[in-house]
Amino acid sequence: MRLKPEFARFSAFLLDCDGVLWRGEEPIPGAPEAVRALKASGKKVLFFTNNATLSRRGYLAKLRRLGFDAEPGEVYCSAYAAAVWLRGRVRRVYVVGEEGLVEELKLAGLELAGPEEAECVVVGLDRGLTYSKLEGALRCLSRGALLVATNGDPTLPTERGLAPGAGAILAALEAAAGRRADAVVGKPNAFMYELALREHGIRPGEALAVGDRLDTDVEGAKRAGLAAALVLTGAAKPSDLERARVKPDFVLGSIRDLFE
Ligand SMILES: [Mg+2]
C-alpha cells in the first residue's frame, strides 16, 4: 500500500477511533490494514478518543482485540487528558464516571473523595448514573468545587442508535449548579492533541489529524494548528460540510483512502 502524495509529507497521523477505526465492536473495513501500512512506512500513529469510559490500558486492549497494531504510549483518551489537566491543580476529586476514568485519575495521583471533601467534580460518560450521584456532585459544586468534564459530546453512537453522552450529564449539572464547566478537556479543546504532540516531540505542521466529526475532531485539530482529514465512515455526512464553520483540509471516504 502506498500513501497518496498529499499525505506522504506528514510524519505523524493522529487518528480518532470511533467512526474512523471502528463502529462499536466492529473494525471499519480496511482500517487495521491502513494503520499497519502507516507504521510500515515509518509514520508515527497515535490513537485518540473523547470517550472516557475506558482508560489508556482499556483502549489498548480494545485496539489489539479488533486487530490494530498499537503500543502503550500511543493511546490518548479523554480520561487520561482530564487526569493530566487536573494533576497539580487539585488533589481530591468527586467522580461522575466509569472505571476507566477512575483508573486514570488514580494513576495521576488524585484521590477519590466524597461531596464534602472534593475540590473538583469530574464528569465523564457514566452508564451507571444515579440521582444520588448527581445530588452528591451538586453538593460539591455548591461548596465551590471546580466542574471539569472529560468531553462535551451530547450523544454517542451505539448499536441501538444514539445514546446520551457525557455532555448530557454535564448539562444536567450545569443547569442544577447555575454555572458552566470550568474546563471541558476533550476535543474540540486542543489540549489532548497538544499533550500528544508534546509527549512525542511532534511539531503541529508534521501531523495530520483524521476524524469523523467536524465539531470535535476537525475543530480541535484546527485549534491545535494541525491539518485535518474528515472520513465519512462515522458521524459526519457530506451535506454537513457545507454548513460547517471549520472545514477539513481533506475529505476521505474512509481511512483506507489515505492510500492509492
Ligand atoms: Mg469519532
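How are α4 and α8 oriented to each other? In this predicted model, their axes come within 10 Å and cross at roughly 80 degrees. An angle of 65 to 115 degrees counts as roughly perpendicular, so α4 and α8 are roughly perpendicular to each other. On the α4 side the contact uses Ser78, Ala81, Val84 and Trp85, while α8 brings in Phe191, Met192 and Leu195. Sort the residues of this contact by type and you get six nonpolar, one polar and no charged.

**The six-stranded sheet**

Next, the sheet. Its six strands are ordered β5-β4-β1-β13-β14-β15, the sheet is open, and the pairing is parallel. The edges belong to β5 (75-77) and β15 (250-252); each has a single partner strand, so one side of each is left without a neighbour in the sheet. On average, neighbouring strands here are turned by 20 degrees against each other, direction ignored.

**Helix α9**

How many of the 10 residues of α9 are buried? Seven are, so this helix (residues 214-223) is largely enclosed by the rest of the structure. The buried set is Leu214, Thr216, Asp217, Val218, Glu219, Gly220 and Ala221. Asp217 and Glu219 are worth a look in the viewer, as they are among the buried residues of α9. What do these buried residues pack against? Their partners are the strands β1 (12-16), β13 (207-211) and β14, together with the helices α8 (191-200) and α10 (240-243). After α9 comes Gly225, which has a positive phi, near 80 degrees.

**Strand β8 and its neighbours**

Now to β8 (residues 120-123), a strand covered on both faces. Cys120 and Val122 are buried on one side, and Val121 and Val123 are buried on the other. Strand β6 (residues 92-96) runs parallel to β8 and is joined to it by four bridges. Strand β9 (residues 146-149) also runs parallel to β8, again with four bridges. For landmarks, Val93 stands opposite Cys120, and Val122 stands opposite Val148 of β9.

**Two buried residues: Val93 and Leu110**

Val93 sits in strand β6, while Leu110 is in the loop between α5 (99-107) and β7 (111-112). Are they buried or exposed? A residue counts as buried if 20 or more other C-beta atoms lie within 10 Å of its own. Val93 has 28 such atoms within 10 Å, so it is buried. Leu110 has 24 within 10 Å, so Leu110 is buried too.

Contacts tie the pair together. Not counting residues up to four places away in sequence, Val93 touches Leu86, Leu105, Leu110, Leu112, Ala113, Ala118, Cys120 and Val122. With its sequence neighbours within four places left aside, Leu110 is in contact with Ala83, Leu86, Arg87, Arg91, Val93 and Leu105. Leu86 turns up among the contacts of Val93 and among those of Leu110.

| Pair | Apart in sequence | C-alpha to C-alpha |
|---|---|---|
| Leu110 and Arg92 | 18 residues | 5.9 Å |
| Val93 and Arg245 | 152 residues | 35 Å |

**Domains and a cis bond**

How many residues does each domain put into the contact? Domain 1 gives five residues and domain 2 gives six. On the side of domain 1 that touches domain 2, the residues divide into one nonpolar, four polar and no charged.

Finally, check the peptide bond from Lys187 to Pro188: it is cis, with omega near 15 degrees. Pro188 is placed in the loop between β12 (183-184) and α8.

Definitions and conventions:
Residues numbered from 1 in each chain as written. Predicted model: local features only at pLDDT ≥ 70, side-chain atom pairs only at ≥ 80, totals over all residues. Pairing = 2+ DSSP bridges. Axes fitted to C-alpha atoms, helices over the stretch in contact; angles between N-to-C directions. Buried ≥ 20, exposed ≤ 12 C-beta atoms within 10 Å, placed from the backbone. Contact = placed C-beta atoms within 7 Å. Nonpolar A, V, L, I, M, F, W, Y, C, P; charged D, E, K, R; others polar. Parallel < 35°, antiparallel > 145°, perpendicular 65-115°, else oblique.
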